[in-house]
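Subject: Structure handover

Hello,

Here is the structure we spoke about. Please open it first, then read the notes below.

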Amino acid sequence: MPRTSRLTWITTLLALPAALLAAGLDDAPEFVSARQALADGLPGVAGVKAERLLKHKGWTRVETRQLATFAAEAWSRAENGARVLVLADAYDLDDESFWRGQALMLAGDLAAARKALTESETAPQHPRSHLLLAQILAALGENADARAELAHLAASTDESLLTQARLLQNEIAINEGVAVPPPAAAASDTAGQYLRARALLQSGRTAEAGAVLRAVLDSAGGGELIHHAASLLQAEILLRQKQPALAQDHLLKFLDTTTESRLWPEAFVLLYRTHQALPEPHTLPDAVLRWLSAGNAAQQQPAPPPALAQAGADFRGHTIFLIARWLAAEKRDDEAVSLLEAMIQIHPGHPSVRDAMRLAMDIHARHHNDSRVLALADAWREKFGGTSAAVDFAAGGILFRRGEHRQALQLFQNAANLATTLTERRRALFNTAVSAISSGGFTLYQSLLGQLEILTTSTAAGSETSDSAATLELEKALFLAAGRKAGAEDALRSFIRIHPDHPRFADACVALAEWLLLAVPPRIQDARTTLDSASVATTPTVPQRERIDLTRLWLRDASGDLKTLITDGAAFIKAWPKSVHLSEVRMKIAGAHYRLEDFANARTEFEIIARDHPDTPLADTALYFAAMSASSVMSAEGHARALAIWDELALKNGPLAVAARRQQALSERQLGKLDAALAALDKVLAMKSIAPEQRRMTICEKAEVLLLLGKTEPARLDAAADLLDEFLTTPSLPFLWKARAGFTLASVHHDAKRDTEALEACYNVLRAADVTPPASPADYVWFAKAGFFGVDLLEAALQWESAARLAEQVALRPGDRAVEAGERATKIRLGHFLWDGPAPTPPRVMTLDEKIEPKPAAPEKAAPKARKASR
């Protein structure tokens, strides 16, 4: 293109806006076209045209404001709140707070919309702003405030606004369940007829409501939204007439034939209600399963336009949430939560994703999947901003179960502050107070208790509800009792005295009975009286009766009435076959048989526990004692079974693995199978989980087995001596093990014909007692064994003086063989004429409590002076 031609083309383009503006905005053809598009019901086209005009330069400030406001109105009518917000951020709008509120309401963020209308400094008091705010407040359930906003319209001369205000006023009354006279409406006023039908239904005049509703459905006007609302109201009428099957069919047809509807959320909620009202068993309709994969029939098009494709995605999201709710109601939690997690990932912007996240949190919380609940709570806060009472309540419950009571308290307080109903606030305050108790905040607890008492009264909940002030007092008493804290007994007795009609009266009695049974010594008679009164004042619930029966078994156990414990335990199993406490009860019964030395029945009960309750913490303990019972019947079959069980427990490598191997070794040793016992002890010593004390005992037991094998295999004695010599060099070895190992080493040396070394081992034990005297009966047993064995060795060697001295050393240590040791020394001295002076009297017996006062050391003699060299 020649240069001159290009310049002319550019000049022409630049001149267009100027020519356009010269005529003014109202006369601009593009603006006239935009207004015509809006009048023709094409708000999206009007919005596009207005935005295109805004891009032209040269508009005055007033014209720009007028054009931007027109674009906001167009996009509002097109229900595109996002584009309205973009305009509000980029331009000054007339009545900007109204348009922001309208846009946020279209986006579903009612709280933000309310804030835009009420907290803006420049918010004008235009009548339409009052109407919009009233609609938002009514949607939030704040009906009193909504009526106050509608009162501002009383002086308005805009008949259209007044009509909408009257409709909203009637709708609020109907939603509140207030019996209002059905509003009169002309036959052509479809919206008025619809509200009249709702009012008639609310008044219980179902037949009349149905007649009016049929007229609405048969009319050709009123708009699609009114007709959709009428279809849902028709289903509601059928549901109230106890015809859930017809209601469900009606809703399935409605949902299957609507291409798009703003009332889909309400329709799916109503479909859930109708399905739950059907007789069990509940089966999913085929149409709903088809919707999950392909959408409804109205959306089946080969190449759907974008708007229809988005509607189809929204419809499938509603379907996923509906099926998940049905599955959750049927206790099929795994399937339900899988669908919910899929919906959260696939449809993150769906209108029902908030409810989906809340339901997923509830299910995960029931299954103690705490990490996922907290992750969903964090995702909620990041996605929607701020927080939610339901989210904080769920997260607080998890932190409370984890023992993080202070963090839980903060979340429950948040939930109480965000609660939209008095019931929700009461529940949150109750949990806040329980958290305060658990975290030691008793001052805060008293404040919360006062608030809860007010809420309990204002909501007419009564002191018997699960979150009343009286229940909170019980929770505090139970918390104190669980921690064996001071004041627990007084708090429980106070609750029992003041609230004899409370539904949890029996819980308080049972808790007090348990408190009394755990006293030292147990206050058995008082506990029995308290437990008997648990079912006197009120009729206990089924769980409470089970708890009473269970506590009565503990009472039998504490009183030592083992035979009655066995009888009552069998009755408990018969009365409560599905109780979660069955394994505990069977353990009590088995333990009673074992203590009565009825080993056959004890073994049977222990094996039933291991077989029927393999996943409980008691399973391995039951197996262990089943083996103990089997080995106690002294039969070949019993010993074989015991060895098999102990081997099984050892291979599990659980908490009882070491004990099982040791019992295996002990059993083999009792049967004379010393090589097998030695192999079992080696396996114990090879275990990494063995405790230091168990290792010391096992080494001593291994040395004793080697000693027994040494009777026929002398080489085993050298192995035992080497093992014990190494063991005795262990740093900081307690006296018990020094004495036991020393005595065993002396026995080994004696059997190996090394009596001098045997005597040395005994002597080392007595010298060790000089540093660390025997402090327990077990210490003294091995000390005395070593001492007397040393005396025996010396007597056998005819070393009478040394034998007497060693016996006297043993007699100096307090213990139950001290007198015997003294008499032994006296006998040796008198028998071998080793006594100088008059015949002695037996030494006084000393006790373990007495100390041996060391004799004062004799003063050292002064060294003789050196002789002079001259001498």
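How are α6 and α7 oriented to each other? They are roughly antiparallel (an angle over 145 degrees). Their axes come within 8 Å and cross at roughly 175°. Axes here are lines fitted to C-alpha atoms, for helices over the stretch in contact, with angles from 0 to 180 degrees between N-to-C directions. Helix α6 covers residues 96-106, and helix α7 covers residues 110-118. Helices are DSSP runs (H or I, at least four residues), numbered from the N terminus.

Some ground rules. This is a predicted model, where local features need pLDDT of at least 70, side-chain atom pairs count only at pLDDT 80 or more, and totals for chains, interfaces and linings use all residues. Residues are numbered from 1 along each chain as its sequence is written, and side-chain values use heavy atoms, with hydrogens and water left out.

Ser-97, Phe-98, Arg-100, Gly-101, Leu-104 and Met-105 of α6 make the contact with Leu-110, Ala-112, Ala-113, Ala-116 and Leu-117 of α7. Contact means heavy atoms within 4.5 Å. The contact of α6 with α7 has eight nonpolar, two polar and one charged residues. Nonpolar covers Ala, Val, Leu, Ile, Met, Phe, Trp, Tyr, Cys and Pro; charged covers Asp, Glu, Lys and Arg; the others, Gly among them, are polar.

Next, α39 (residues 735-751) and α40 (residues 755-771). Their axes come within 7 Å and cross at roughly 165°. That is therefore roughly antiparallel. Residues in the contact include Phe-735 and Phe-743 in α39, and Cys-762 and Val-765 in α40. The contact of α39 with α40 divides into 11 nonpolar, three polar and three charged residues.

Then α41 (residues 777-796) and α43 (residues 818-831). Their axes come within 11 Å and cross at roughly 10°. That makes the two roughly parallel (under 35 degrees). Tyr-780, Phe-788, Val-791, Asp-792 and Glu-795 in α41 meet Ala-818, Glu-820, Ala-821, Arg-824 and Ile-828 in α43. The contact of α41 with α43 has six nonpolar, no polar and four charged residues.

**A pocket**

A pocket is an open set of points on a 1 Å grid over the protein atoms alone, where a 1.4 Å probe fits, with protein on both sides within 12 Å along at least five of seven lines; lining residues have an atom within 4 Å of a point. Among the lining residues are Trp-515 and Arg-547. Helix α27 gives the most to this lining, with five residues.

Best wishes

Terms used
Parallel < 35°, antiparallel > 145°, perpendicular 65-115°, else oblique.
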